[in-house]
Amino acid sequence: MSFNPNAAKHLRPYAEPVLFGILGAFGLYKGVDLLWRGAWFGLVPTILGAIAALVAVAAAQKLLVAKRSGRDGPGIVLIDEGRISFFGPFGGAVMTLDDLTSVEITIASGPGGTASPYWVLGDLTGAVVHIPSTAEHAEELVDALGTLPGFDRMAVVRAMAAQTPAHYEIWQRPGWRGRPRSHNAALH
């Protein structure tokens with residue numbers, strides 16, 4: 001039996017969620033077992049197992065979004081100290097996390113009928129930027145935007161998994177009553 005040298009390269013992204021999943025399952029199993037036997041210190045592995053299980057879920061979500069994102073698309077995303085910068089072939093924008101009013105994902109019809117996800121970010125000035133999910137470092141948007149109050153990572157996963165053109169509202173600033181934004185018709 002021979003080992004394919006490319007197998008490790010393809011399996012490496014799955015290492016983090018699998019490792020934390022195993023640690024979480026083992027911690028929960030041992031902790032519940034100890035608690036069942038009446039040992040109060042069984043709370044420690046139970047709590048650590050629960051934390052590891054939550055980390056496994058977060059790592060799996062990030063992996064799912066990264067799978068749909070690529071690095072062969074136009075532009076580059078830079079995230080530094082609460083500032084999101086996008087530099088593309090036809091322009092770009094710089095927005096701060098504190099000034100964001102909305103985060104959306106638009107699935108547009110790409111070449112050959114493929115679905116192409118775009119991040120659509122709006123800010124207090126009314127500026128709107130469309131960032132292809134295939135732009136370099138676009139997968140880092142999930143972590144940066146995840147700090148927004150009430151940001152739903154599962155909504156990102158669901159939107160990125162869509163295969164037909166659609167528009168998904170991911171996050172809106174609490175209490176924001178801004179006018180509806182116009183969408184770039186070229187993306188639909």
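Is Ile-105 buried or exposed, and what is its relative accessible area? Ile-105 is buried, at a relative accessible area of 0%; buried means under 20%, exposed over 50% and partly exposed in between, with a 1.4 Å probe and protein chains only.

The model is predicted: local features need pLDDT of at least 70, side-chain atom pairs count only at pLDDT 80 or more, and totals for chains, interfaces and linings use all residues. Residues are numbered from 1 along each chain as its sequence is written, and side-chain values use heavy atoms, with hydrogens and water left out.

**Figure 1. Overall fold of the protein.** The protein has five helices and seven strands, taken as DSSP runs numbered from the N terminus (helices H or I, at least four residues; strands E, at least two). Their order from the N terminus is α-α-α-β-β-β-β-β-β-α-α-β. Of the 188 residues, 35% are buried. Among contacts (heavy atoms within 4.5 Å) with a separation of 6 or more, 55% join residues 24 or more positions apart.

Figure 2. Ile-105 is found in strand S4. Its C-alpha atom is 4.7 Å from that of Trp-119, 14 residues away in sequence. Beyond neighbours within four places in sequence, the contacts of Ile-105 include Pro-117, Tyr-118, Val-156, Met-160, His-167 and Ile-170.

**Figure 3. The largest nonpolar core.** A nonpolar core is a set of buried Ala, Val, Leu, Ile, Met, Phe, Trp, Tyr and Cys residues joined through side-chain atoms within 4.5 Å. The largest one holds 27 residues, of which Leu-100, Val-103, Trp-119, Leu-121, Ile-131 and Leu-145 touch the most other members. Elements giving two or more residues to this core include strand S2 (83-88), strand S4 (100-109), helix H4 (141-145) and helix H5 (153-161). In soluble globular proteins, nonpolar side chains tend to be buried together.

Figure 4. Helix H2 covers residues 15-36; at 1.5 Å a residue its 22 residues should span 32 Å, and its end C-alpha atoms are 31 Å apart, which agrees. The expected span is 1.5 Å times one less than the number of residues. Pro-17, Gly-24, Gly-27, Gly-31 and Asp-33 are buried in H2. Asp-33 forms a salt bridge with Arg-37, with the closest N and O atoms 3.1 Å apart; a salt bridge is a side-chain nitrogen of Lys or Arg within 4 Å of a carboxyl oxygen of Asp or Glu. Arg-37 is exposed, at 63% relative accessibility. Just after H2, Gly-38 takes a positive phi of about 95°.

**Figure 5. Salt bridges at helix H5.** Three salt bridges are counted in the model. Arg-153 pairs with Asp-143 at 3.5 Å between the closest N and O atoms. Arg-153 lies in H5 and Asp-143 in H4, so this pair ties together parts that are 10 residues apart in sequence. Arg-153 is partly exposed at 26%, and Asp-143 is partly exposed at 32%. Asp-152 forms a salt bridge with Arg-158, again with closest N and O atoms 3.5 Å apart. At the start of H5, a side-chain oxygen of Asp-152 also reaches to within 3.1 Å of the backbone nitrogen of Met-154.

Methods: A polar contact is a pair of N or O atoms within 3.5 Å; within protein, one must be able to donate a hydrogen and the other to accept it, and residues adjacent in sequence count only if both atoms are side-chain atoms.
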